Amino acid sequence: MSVDRNKVMAAAQKHLEKSAFDKAIVEFQKLVKADPSDVRTWLKIGDLYVKLNQRPQAIDTYTKVAEQYAGQGFFHKAVAVYKQILNLDGTRLDVKMRLAEMNESMQLTSEAMQIYEQVAAEYGRLGDADKVVTTFGKMVHLDANNIPTRIKYAEALSRAGKKDEAAEAFEAGAELLKKQGRIDDYVKVVERLLFHKDDVERSRELAQYYLERNDGKRALAKLQVLFKADPHHIPTLELLATAFEQVQQLPKTISVLREVARLHGERNATDERARVLKRIVQLDPGDAE
């Protein structure tokens, strides 16, 4: 059914002059019913709902406007409308998410990341672990080299019970730290990775790191994984002996070294066997055997 736009606008204007906003809305609704893409009229309707203090209706109307703008690629206009919605109801996390996405569409990475961070924090306070994961996932997609975000994403996955995905996220963060030469931070993240997943090579790497810092106690925790994987692996046993020596457990140190010497003997590695036996004698000169 066709609508006489001029006639409807005139009727609406008379209602506005009398501050009969509800009646003006009725008139304007005739226009958007005839043409749902009439964004300007939708905006007028939203503004009138605000004047009537009918916030839910205003928000629904503004949302229609924002989505139309976004669909047409007018992201700046969409952002302005989403901000109007948040002025009416600052708790709308779905709107904040859309606001962040609009900033992302405009390649305003910093602004988008800041809003996503706020949304993730609010979902966290609400105890919605899945929404926290989704939000941090968007942040990682937006800025893949942002290490703090990657680690937060990994921790969010962990809290959500997604163990394998958390391990992958920690691993990605660890690799970025390693490339930057931030070894101490790298070790902390690898520790979190190993909490979620057994990794022999990473455990070996951390064991060596701790031994270099004379921290045999922490090294032992990592060497247990290596020993379980292969109790006859000579390099692992030698690291284990060093760790026992650092924590001043001499009998265990010598016991492990005897096993290393035996394994060298089985392989006819005479020089290596002699080196290990010499080390035993240095540790315990009274060892008659």
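**Start with everything selected**

The 46 positive and 44 negative charges of the protein have mean positions 7 Å apart; Lys and Arg count as positive, Asp and Glu as negative, while His and the chain ends are not counted. Each charge is placed at NZ of Lys, CZ of Arg, CG of Asp or CD of Glu.

Before going on, some housekeeping: this is a predicted model, where local features need pLDDT of at least 70 and side-chain atom pairs count only at pLDDT 80 or more, though totals for chains, interfaces and linings use all residues. Residues are numbered from 1 along each chain as its sequence is written, and side-chain values use heavy atoms, with hydrogens and water left out.

Now switch to cartoon. You'll find 16 helices and zero strands (DSSP runs numbered from the N terminus: H or I of at least four residues for helices, E of at least two for strands). Along the principal axes, the C-alpha atoms fill a box of roughly 115 × 30 × 30 Å. The radius of gyration is 33 Å, whereas a compact globule of 289 residues would come in near 19 Å (taken over C-alpha atoms; the globule rule is 2.2 Å times the number of residues to the power 0.38).

**Next, select 21-34**

Show side chains: Phe21, Ala24, Ile25, Glu27, Phe28, Leu31 and Val32 are buried (under 20% relative accessible area; exposed is over 50%, partly exposed in between, with a 1.4 Å probe and protein chains only). Why that spacing? An α-helix has 3.6 residues a turn, so residues three or four places apart point the same way. The buried residues of H2 pack against helix H1 (5-17) and helix H3 (39-51), with contact meaning heavy atoms within 4.5 Å.

**Then the loops on either side**

Pick Ser19, in the loop between H1 and H2. Ser19 isn't a glycine, yet has a positive phi of about 60°; with a relative accessible area of 49%, Ser19 is partly exposed.

Jump to Asn53, in the loop between H3 and helix H4 (55-71). Here too phi is positive, near 60°, in a residue other than glycine. At 56% relative accessibility, Asn53 counts as exposed.

**Last stop: Gln248**

Gln248 sits in the loop between helix H14 (234-246) and helix H15 (250-266). Is Gln248 buried or exposed? Exposed, because its relative accessibility is 74%. Finally, draw a distance to Gly216: the two C-alpha atoms are 9.2 Å apart, with 32 residues separating them along the chain.
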